[in-house]
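Open the model in your viewer and keep the selection tool at hand. We will go stop by stop.

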Amino acid sequence: MRDNRYSRRRFLASTAAAGTTVTVLGTAATLPGVSPAAAAGAAESGTDSTTSAAFGPVTVKSADRRYPDLVWGTNRRWVGTPDSVRLVGSADQVVAAVQEAVSAGKQIAVRSGGHCYEDFVTSDDVRIVIDMSCMDKVSYDPGRRAFAIEPGARLGDVYRTLYKGWGVTIPGGTCPTVGAGGHIVGGGYGALSRLHGLTVDHLYGIELVVVDKSGTAKKITATRESSDPNRELLWAHTGAGGGNFGVITKYWMRTPGASGTDPGKLLPQPPSEVIVSTVTWSWDKMTEAAFSTILRNYGQWCQDNSAADSPYAGLFSQLKPTHKSAGSFSMTTQIDAAAPNASRLLDDFLAAVNKGSGVDYRVDDRRTISWLHAVAYWPGFTAPDTTTRFKAKSAYMRKGFPDVQLKAFYKHLTRDDFDGPASIVMITSYGGKINTVAPGDTAVPQRDSVIKLHYISFWQNASDDDRHLSWIREFYQEVYAATGGVPKPGDVNDGCFINYADGDLNSSQWNGSGVPWYELYFKGGYRRLQTAKAQWDPKNVFRHAQSIQLP
């Protein structure tokens, strides 16, 4: 997990330098039990994020010993060569960095947690990287009745701070090291999404640094209030991914319809405890018939139990078939321990998935643990160490697996000409509360899917790049052979997920569907995103291989 020494240093520095009343959770106004009157002098207004900044800016160039650690993210396939990396501590510092880059004619990229799957931050044209990792505060803003999350905050820290301070959370991802910056804006999801929806379903507002048509960088805010002239800009940040319109310097989160001034009632309250489960099947005696039965059963279960009022709404699961060279594959599940008959529901789910397979699974883990431990520490849903090389792809499904897809799964996961024990497909239960939102209400249009798939292959050495890339591309193309090698929206499939960015979708070599990459991600909402792009980034300052294009 993250080293918290920086937060303590900032605490000491800010109190010594300015006498400001602060806590490790933010200003005094952020703490439960502090009266509005007592906190009035210290509360953030929501329009200026410079008052408590004690860090930066720091410019790191290639001769600096820190440079090698700041020019790559979790995917070691991509290492950048920017002229400099600018570490920032406030929105005003971001304005200055953006203005400097624009005035010098240098291409900008932004990094928060470093989990970008493609080379969007490291491509050769990027000359200045704005590193948001030190903007990591999580606090409560009483003026907006919303929780403020800075983009550098890692999800594990977001969950701990929200829960320990106010007993609430956001329904975000299960990898605690992912940065909030790219995760939220892409429509992040996780183990509570079947109960509470996507991250963007709770997004109230953003603070953003944009560049106008005159080339001037400036801060603006956008909220979902009907009277906000920038409301359409907020909509564009409800699932379009990062690097499109500007630099997000703050998110405000509040559940739609939440009323009152009690912070503990303005975001979802997670379960106190969850029952976690991991079961494993051996490849040793796994036949094609048995394997296909397990995947077919899982898909059918997801299809049958995707309603928001299902007794299984509190159950989240990932079936994770790995290549047979791993020796086995597993399924990891959690369910709200307070749900009626939770243990029996879990038993029934496991039985339904394995029914008729003719093989037995091994129970590796089953226990009741606190929700906070599950989301911040338990390794059940966390992928292998991603400080390595990898390639990933994605798909949404509206129904369970057709036989032709099951055949492709078995073929490529049991290929003898490929050895990839860390090559996996994470097949995730979806739907529930997610599907109660209309497709046009956010920039995430996939609102009737029941399964989400994350194809990914991990490896260590550059000499193995071609082997792993060929395997995952051939696998994916055969699964979706009927629709041009990609999950073209239709009766069964429903496109791709922008947070699992896949540059292959831009290429006719790998995408023969006739559907461009942007429609696989955004469907008909792309035109609306382009309109927002023209208004708030008319000079196309913020761009990468899969950014929103000017109309």
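This is a predicted model: local features need pLDDT of at least 70, side-chain atom pairs count only at pLDDT 80 or more; totals for chains, interfaces and linings use all residues.

Residues are numbered from 1 along each chain as its sequence is written, and side-chain values use heavy atoms, without hydrogens and water.

**The sheet.** Select the open sheet of 7 strands, in the order β15-β12-β14-β13-β17-β18-β16, with antiparallel pairing. Strands are DSSP runs of E, at least two residues, and helices runs of H or I, at least four, numbered from the N terminus. Strands pair if DSSP finds at least two bridges between them. β15 (362-370) and β16 (389-397) are the edges; each has a single partner strand, so one side of each lacks a neighbour in the sheet.

**One pair.** Now pick β17 (423-429) and β18 (451-459), antiparallel over 7 bridges. Met-426 stands opposite His-454 in β18.

**A helix on the sheet.** Show α13 (465-479): it packs on the sheet and touches β16, β17 and β18. Contact means heavy atoms within 4.5 Å.

**The cavities.** A cavity is a set of points on a 1 Å grid over the protein atoms alone where a 1.4 Å probe fits but cannot get out; lining residues have an atom within 4 Å of a point. Select Gly-173, Thr-174, Ala-191, Trp-371 and Val-375: of the 15 residues lining the largest cavity, these lie nearest its centre. Helix α11 (371-376) gives the largest share of that lining, 3 residues. Finish at the second largest cavity, whose lining includes Tyr-396, Cys-496 and Phe-522.

Methods. On a 1 Å grid over the protein atoms alone, a cavity is a set of points where a 1.4 Å probe fits but cannot get out, and a pocket is an open set with protein on both sides within 12 Å along at least five of seven lines; lining residues have an atom within 4 Å of a point. Axes are lines fitted to C-alpha atoms, for helices over the stretch in contact, and angles run from 0 to 180 degrees between N-to-C directions.
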